[in-house]
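Please read them with the structure open.

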Amino acid sequence: SYSEWLEIPEEKISVIHNGVDFGAMERNTDIDKFQKKFSSFGIKEGHKVIGGVFRFESGKRIGLWLDSFEEALAKDGRLKGIIVGGGRLENSVRKSIEERGLQRRVHLVGAVEDVASWLKCMDIFLFCSSSEGLPNVLIEAQGFGIPVVTTDAGGSREVVEDGKTGFVLGTDHPEKIAEKVLIILGGEE
């Protein structure tokens, strides 16, 4: 479409894929700050952490993230949720967590420089955006060995190998999303 729009041959257009500097992410870790905050969440041996890293805005569909988490929690009581990020909807997200009675299950970290430490504590990365470009956070999560469950937004299919490094869902039904979370939790690989 760019070729047509710009009226230039398609072979003259190069694609430059997003990259992630994992070394810089590792250098930005603040273990003491992370440990202090993480220990306040009461996550114990045997819990499974479903995590997310995103801005608190409507396109990230945090309500769908919470709905999907609740569906999975109803079938697996070991779950804890951690959401890293902040934004203009943070107060309404906190209110939604309270209204759902999830205060002891879903914890909001806020915006942090040290994303790597938080990613490393997650068992599954859950991402429910309605639209994206190429989501770097999915690259980052997988780079730290975390399987991803994501909606099919933007370039999600470009970075997640469906069925191997996670699942890309063409649905926004919380039950279906939760089903994939539970498949990963129950799997050996």
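1. Two strands count as paired if DSSP finds at least two bridges between them. Strands (E, at least two residues) and helices (H or I, at least four) are DSSP runs, numbered from the N terminus. The model is predicted: local features need pLDDT of at least 70, side-chain atom pairs count only at pLDDT 80 or more, and totals for chains, interfaces and linings use all residues. Residues are numbered from 1 along each chain as its sequence is written, and side-chain values use heavy atoms, with hydrogens and water left out.

2. Six strands form an open sheet with parallel pairing, in the order E3-E2-E1-E4-E5-E6. Strands E3 (106-110) and E6 (166-169) are at the edges with a single partner strand each, so one side of each has no neighbour in the sheet. From one strand to the next the twist averages 20°, taken between lines fitted to C-alpha atoms, with angles from 0 to 180 degrees between N-to-C directions.

3. Strand E1 (residues 48-53) runs parallel to strand E4 (residues 124-127), and two bridges join them. Isoleucine 50 is opposite isoleucine 124 in E4, and glycine 51 is opposite phenylalanine 125 in E4.

4. Which way do the E4 side chains point? Ile124 and Leu126 point one way, Phe125 and Phe127 the other, and all are buried (under 20% relative accessible area, 1.4 Å probe, protein chains only).

5. Three bridges pair E4 with strand E5 (residues 148-151) in the parallel sense. Valine 148 in E5 is the bridge partner of phenylalanine 125. Between E4 and E5 the chain passes through helix H7 (residues 136-143), a right-handed β-α-β crossover: with the strands pointing away from the viewer, the path from the first strand over the helix to the second runs clockwise.

Note on methods: Buried means under 20% relative accessible area, exposed over 50%, partly exposed in between (1.4 Å probe, protein chains only).
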